[in-house]
Amino acid sequence: MSDRTKLTTSAGAPWVSNETSETAGPRGPVLMQDYQLIEKLAHQNRERIPERTVHAKGWGAQGTFTVTNDITKYSCAKLFSEIGKQTEVLSRWSTVAGEMGAADAERDVRGFSLKFYTEDGNWDMVGNNTPVFFVRDAYKFPDFIHTQKRHPRTNLRSPEAMFDFWGRSPECIHQVTILMSDRGIPKNPAHMNGYGSHTYSMWNADGERFWVKFHFKTLQGHKHYTNAEAEALIGKTRESYQEDLFNMIEEGNFPKWRFMIQVMPEKEAENLDFNPFDLTKVWPHKDYPLIEVGILEMNRNPDNYFQMVENAAYSPSNKVLGIGYSPDKMLQARVFSYADAHRYRLGTHYEALPANAPKCPVHHYHKDGPMRFFPAETGHPDAYYSPNQYESAAVADPAAAEPPLRINGDADRYVQEDADADYIQPRALYAEVMDDAERDRLHHNMAEAMGPCSEAVTERWLAVLGRVHPDYEAGVRKALATDGSDVNAVPVTNDSPVPTK
Ligand code: HEM
């Protein structure tokens, strides 16, 4: 007993009991001076922070990225500087819509977030398991998310709202087709790909910029659940991803991904027949083949989930020299949105928390505020402002300038001109990539997800499917009839005509 670690108060004083309150006599009330009881109850009341507004349910791991191919002709980022170079990574995978207690094996898009702790600061790759997204303009993002979350009156998820929104935003058909396909319920994060989805950029030591897409290809192979398998699994455990991932890593069976990029020379973007900065589109692999970069291996379970995964703050605004943005307007909005979310969810100094703190020296002039628990490393004790007279104090580095991001055009609100453009890639996915059995499962998965929607919403959505391919519309129409979905179960609230765009 005497060798055991001794309990202390949070102020470090030895503490006498963690089980017995101090009372006035054996049957008397608790004394106010039993401050440590108050401290303990107060701590319990403060154990929660707001959950993420989206992607609240997640699973994380720590690991390593190793360069296997030389891409220095595209990027001068130090993490890619030589073959064999290793960088520590913190990953977090997530579902989008469910709350923190949601079941893991639900049909949803999965988040795929990676924090690379490079010697030049943190690079956050905040992607999904799909190469495209539902919408291409940030104005639509909050409304889209509202349709994925709970209805304000029923407090239930609402297929009526989801398909109403999607039917009026046909650019989402590519992503919805992927979501309702076999890939909509991965077995666990080890069996899915990750994508940066947006077009990003890289630049090399000569200041030459390239547009790039990020791909993380699972080396475990794709594995998915059908709706029926997922339902049976959720009946047994709601935590299947956490269980699978945690156990894989504990057993030394480390999940791995091959990091690959697609590269487009900067000038080429101007002459393409599709907008390479439109998040609802992929780049054809035959024109922009995948180029290997390295291997991501997740090999350590965090010792404390809350500290490393709940406190993890990923943001597309965290980029390093050699990796940049693109004119993608969704990406531009995300650059603002995430850090704002972190300041609300975690506090002003969230970047200094262990999950987020860079592994390289940090010198900035941000000052005080809640949880300012780290010293000011400005290089001189009197240098708490800038510019200043002190030779040893931190100064901005002109060498950190990136080549100019060439963006042409007049400020305006642009809508896509070619109305058919949104249907071309989903059509190829439906008619050329999927086989009959996959298409059949897609029809039934979608019909299940649509029940119950009003007739107006159903018909409008079926018209969107018809524009992709007549068989798509016919297949879902038939599945709705045979699966017995009651299209009239919710009163018709909207009788707008089907989209003509
Ligand atoms: C304008 C569009 C978007 C906005 C405004 C937005 C905003 C947000 C916000 C506020 C969060 C919560 C952050 C937190 O509290 O930690 C979040 C999480 C997340 N978003 Fe987005 N998002 C957008 C689009 C996207 C897209 C296109 C992707 C993927 C390509 C994506 C992937 C993620 C992921 C993976 C997370 C979870 C990060 C984590 O693991 O902590 N989001 N998003």
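**Close-up views of a predicted model**

**View 1. Strand β1 and its partners.** Phenylalanine 65 has leucine 296 of β9 as its bridge partner. β1 and strand β9 (residues 291-300) run antiparallel and are joined by 6 bridges; strands are DSSP runs of E with at least two residues, and helices are runs of H or I with at least four, numbered from the N terminus. Two strands count as paired if DSSP finds at least two bridges between them. β1 also pairs with strand β2 (residues 86-95), in the antiparallel sense, over 9 bridges. There, serine 91 of β2 is the bridge partner of alanine 61. Strand β1 (residues 58-67) is largely enclosed by the rest of the structure because 9 of its 10 residues are buried (under 20% relative accessible area, with a 1.4 Å probe and protein chains only).

The model is predicted, so local features need pLDDT of at least 70 and side-chain atom pairs pLDDT 80 or more, whereas totals for chains, interfaces and linings use all residues. Residues are numbered from 1 along each chain as its sequence is written, and side-chain values use heavy atoms, without hydrogens and water.

**View 2. The iron atom of the ligand.** Tyr338 (OH), 1.8 Å away, is the single protein donor to the iron atom (donors are N, O and S atoms within 2.8 Å of the metal, or 3.2 Å for Na, K and Ca; water is not among the atoms, so sites may look incomplete). Tyrosine 338 belongs to helix α8 (residues 329-345).

**View 3. Polar side chains at the ligand.** A polar side-chain atom of histidine 55 lies 3.4 Å from a ligand nitrogen atom. For arginine 345, a polar side-chain atom is 3.2 Å from a ligand oxygen atom.

How values were computed
Polar contact = N/O pair within 3.5 Å; in protein donor to acceptor, adjacent residues only side chain to side chain. Buried < 20%, exposed > 50% of the residue type's maximum accessible area, 1.4 Å probe, protein only.
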